[in-house]
Amino acid sequence: RAAADFRRLAERTLGTAPDASLYYIEADIILAGLGMGVNLVELTRCNGAEIDAWTVDADRPGLRRTLERLVAAGCHQITTNDPDELGPMIREIAECS
């Protein structure tokens, strides 16, 4: 994987569904892009669309850091199977951002 690959993914996503109001992007792909210096959230929301990172659950190693990175990247929502556990943490992170 290279930074250019993540940029191409964002371009392909926008090209495939240019009028979408919400894009669902796997959280691990967003995080991998961030690790390469590419913010897929920023690149795909350029048409005003919102971004959902899926799926992040409570048993994920490094959960808080993962949520911090996704919120900082600009994700509008995060899909989880554990909303009661993640909800308060996400709200706290968002308030501190």
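Which residue with a positive phi follows α2? Glycine 37 follows this helix, and its phi is near 85°. The legends below describe close-up views of a predicted model.

Figure 1. Helix α1 comprises residues 3-16. Its 14 residues should span 20 Å at 1.5 Å a residue, and the end C-alpha atoms are 20 Å apart, which agrees. Phe6, Ala10 and Leu14 are the buried residues of α1. These three cover an arc of only 80° around the axis, and therefore lie on the same side of α1. Residues three or four places apart in an α-helix point the same way, because there are 3.6 residues a turn. The cover over the buried residues of α1 includes β1 (22-26), α2 and α3 (40-44). On the face turned away from the buried side, α1 carries the exposed residues Glu11, Arg12, Gly15 and Thr16.

**Figure 2. Helix α2 and its surroundings.** Within α2 (residues 27-35), the residues Ala27, Ile30, Leu31, Ala32 and Gly33 are buried. The elements against which the buried residues of α2 pack are α1, β1, α3, β2 (50-54) and α4. After the helix comes glycine 37, with a positive phi near 85°.

**Figure 3. Valine 38 in the loop between α2 and α3.** Valine 38 belongs to the loop that lies between α2 and α3. Its relative accessible area is 3%, so valine 38 is buried, the cut-off being under 20%. Leaving aside residues up to four places away in sequence, valine 38 touches Ala3, Phe6, Arg7, Gly33 and Leu43. From valine 38 to aspartate 28 the separation is 10 residues in sequence and 13 Å in space, C-alpha to C-alpha.

**Figure 4. The crossing of helices α2 and α4.** Two packed helices are described by the angle between their axes and the distance between the axes. For α2 (residues 27-35) and α4 (residues 63-73), the axes come within 11 Å and cross at roughly 75°. The two helices are therefore roughly perpendicular, a term that covers angles of 65 to 115 degrees. Ala27, Ile30, Leu31, Leu34 and Gly35 on the α2 side meet Thr66, Arg69, Leu70 and Ala73 on the α4 side. By class, this contact has 6 nonpolar, 2 polar and 1 charged residues.

**Figure 5. Helix α4 and its buried side.** The residues Leu63, Thr66, Leu67, Leu70, Val71 and Ala73 are buried in α4. They cover an arc of only 160° around the axis, which puts them on the same side of α4. Of these, Thr66, Leu70 and Ala73 also take part in the contact with α2. The buried residues of α4 pack against α2, α3, β2, β3 (77-78) and α5 (83-96). Arg65 and Ala72 are exposed and are carried on the face turned away from the buried side of α4. Glycine 74 follows α4 and has a positive phi, near 110°.

**Figure 6. Glutamate 92 in helix α5.** Glutamate 92 has its place in helix α5. Is this residue buried, partly exposed or exposed? Glutamate 92 is partly exposed, because its relative accessible area of 39% lies between the cut-offs of 20% and 50%. Glutamate 92 and aspartate 57 stand 35 residues apart in sequence, and their C-alpha atoms are 17 Å apart in space.

Conventions
Residues are numbered from 1 along each chain as its sequence is written. This is a predicted model: local features need pLDDT of at least 70, side-chain atom pairs count only at pLDDT 80 or more; totals for chains, interfaces and linings use all residues. Side-chain values use heavy atoms; hydrogens and water are left out. Axes are lines fitted to C-alpha atoms, for helices over the stretch in contact, and angles run from 0 to 180 degrees between N-to-C directions. Helices (H or I, at least four residues) and strands (E, at least two) are DSSP runs, numbered from the N terminus. Angles under 35 degrees count as roughly parallel, over 145 as roughly antiparallel, 65 to 115 as roughly perpendicular and the rest as oblique. Contact means heavy atoms within 4.5 Å. Ala, Val, Leu, Ile, Met, Phe, Trp, Tyr, Cys and Pro count as nonpolar, Asp, Glu, Lys and Arg as charged, and the others, Gly among them, as polar. The expected span of a helix is 1.5 Å times one less than its number of residues. Buried means under 20% relative accessible area, exposed over 50%, partly exposed in between (1.4 Å probe, protein chains only). The arc is that of the directions from the helix axis to the C-beta atoms.
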